[in-house]
Amino acid sequence: MPIEPKPNTALFIAGHGSTENPDSSTPYFEHADEIRRRGLFAEVHCIFWKEEPSFREAWYLTDCEEIYVVPDFISEGYFTQDVIPRELELTGPTTVVRGKTFHYCSPVGIHPSMTQLLLRRAKEVAPDVDPAQTTLIIVGHGTNLNANSTKAIKDQCEILRQTGYAAVLDTYMEEQPFIADWAELATTPNVVVVPFFIADGLHSYQDIPVLLGIESEVGAAASQREVFRHNPHELHGKKLYYSSAIGTERLIADVILDQIHDFDQQHHSHS
Amino acid sequence: MTQLDWLQHLLAQGFHRIGQLEILPTGRAEEPYWLCHETDRDAVLAAQGEPEGFQLTSDPFQARDISTYSADHEYRFTKGQTNLRGGWLMKLKNPTDLLAAIDGFYPACFSLWVAQQRGTLDVQNLRDKLNRQTGMYRFARSISDEGAQQLVQEVCGPAHQCAKKILWKLDENTPLADSEASRFNGVSSGLPEPLAIPLLCREACNHFVAECRKASKREFEAKAQAQA
């Protein structure tokens, strides 16, 4: 959904980041670049939990008096409901913090337009498989810190079950059903696994391949590898196709704008 | 004054260094500012902006890629580290792009300096920072004052590759113990203001919090061992 230019407004793309793996924050910068190219905002900044600029420094970044904050997070959960509001000192959808008005949008991962991105990614990674003979597995992190963290994946899987795949399963690294059990969970000859993560960071590029059995040990960061993996992987009598994280999709930039559009629709905020 | 006004005001006073960045006003209308590593200044000037083997760009947002790894391929997860690599030159078309480039190399640092000038910089002391940690980092708050003071000397300051000036205290009544790290003025080049401006540390970074968590765990284990 296109949004009207907001030439006096700043956009903050809020991400997790990492002190160990720079690939974790690459997608956020790519999404910011894409939105900057469209010239919709006076300024577009990435802000982070684990990198710089930190959420706490964000207030200082811009002279704009109106700021949209879109969590470039995959689910509603610990970070979007606890950490970001706390660090940015937000108390509701719109908060005035020391003279600057912050609009706090929903995270990208819960927007309905994510379904098409997941389907697109699944087809890209396994273009020739028959969906009727294929299990589509969406894998997320899972955490006991916030019960909402898995909701986005469950919701997406519910919709994806209408798209012709023999089965669509939600799985997690740290909660049941575990991704490590994929071979027992999937009964079809083909299995497509799409990581429901923003970045090809530690989890999607290093941890999950080990849990799937593609790798025997945790490898180097994505950007440091000379040889990328090749699909399909023949494992447990099945053809396994593993995609890069959904957040690396260029069109996430559109989802960020969709969330701003939806925020304006819901809260009648136009700048 | 906007942040951009502050930058232009500083440039007019001769400002040319922040962190390890050297700003070279060119007098050229199409690329009024060159930006390079401080140690590449002479090479860039001698080659009149065409140094051989350098990565040349006019895109200020390339700063992120350039500053991600050190020359030793070490991930620079805190941008105040003093191991920014050289061998690149940005030819920037206006002050806006110069500001964006500075912000890419040293995120929020110029903004924090401007806030300090404006009197709007809010410094957060370590105890407040640690006390609001949740999840796995909530244990960081258990660190003793002695442990935290020790960590500042082991983690912060130019001796440990951080070029930021620490503004925070342990808490309102407990300043940092005197050390090279706590004394450092945030200007690694040694140039005076306004030729250089400092990199400011308004609250402990996540790296420091992570180290507090580890130190806190060590303290807990040592205490448990002593009681056993």
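Predicted model: local features only at pLDDT ≥ 70, side-chain atom pairs only at ≥ 80, totals over all residues.

Q: Where does A:G109 lie, and with which residues is A:G109 in contact, leaving aside its neighbours within four places in sequence?
A: A:G109 belongs to the loop between β5 and α4 of chain A. Leaving aside those neighbours, its contacts are A:F73, A:I74, A:S75, A:M114, A:A152 and A:F196. A:D130, 21 residues apart from A:G109 in sequence, is 27 Å apart in space, C-alpha to C-alpha.

Q: Why is A:A42 called partly exposed?
A: A:A42 has 17 other C-beta atoms within 10 Å.

Q: Which element holds A:A42, and what is in contact with A:A42 beyond its neighbours within four places in sequence?
A: A:A42 is part of strand β2 (residues 41-48) of chain A. With those neighbours left aside, A:A42 is in contact with A:P7, A:N8, A:T9, A:A10 and A:C64. Between A:A42 and A:Y104 there are 18 Å in space, C-alpha to C-alpha, and the two are 62 residues apart in sequence.

Q: How many helices and strands does chain A have, and how do you know how compact chain A is?
A: Chain A has eight helices and ten strands.

Q: How do you know whether the span of helix α8 of chain A agrees or disagrees with its number of residues?
A: Helix α8(A) covers residues 252-267, which are 16 residues. At 1.5 Å a residue, α8(A) should span 22 Å. The end C-alpha atoms are 22 Å apart, so the value agrees. Just after α8(A), A:H268 takes a positive phi of about 55°.

Q: Which residues of α8(A) are buried, and against what do they pack?
A: The buried residues of α8(A) include A:I252, A:V255, A:I256, A:Q259 and A:F263. The buried residues of this helix pack against β1, α1, β3, β5 and α4 of chain A.

Q: What makes the arrangement of α1(A) and α8(A) roughly parallel or roughly perpendicular?
A: The axes of α1(A) and α8(A) cross at roughly 70° and come within 9 Å. Angles of 65 to 115 degrees count as roughly perpendicular, and therefore α1(A) and α8(A) are roughly perpendicular to each other. The contact is made by A:P27, A:H31, A:E34 and A:I35 of α1(A) with A:I252, A:A253, A:I256 and A:L257 of α8(A). The crossing of these two helices is right-handed.

Q: How many residues does the contact take from chain A and from chain B, and which element of chain A gives the most?
A: Chain A supplies 17 residues and chain B supplies 21 residues. On the side of chain A that touches chain B, α1, α2 and α3 each supply at least two residues. Helix α3(A) gives the most, with three residues.

Conventions. Residues numbered from 1 in each chain as written. Chains lettered and ligands numbered in written order. Expected span 1.5 Å × (residues − 1). Buried ≥ 20, exposed ≤ 12 C-beta atoms within 10 Å, placed from the backbone. Contact = placed C-beta atoms within 7 Å. Axes fitted to C-alpha atoms, helices over the stretch in contact; angles between N-to-C directions. Parallel < 35°, antiparallel > 145°, perpendicular 65-115°, else oblique. Left-handed = near helix turned anticlockwise from the far one by under 90°.
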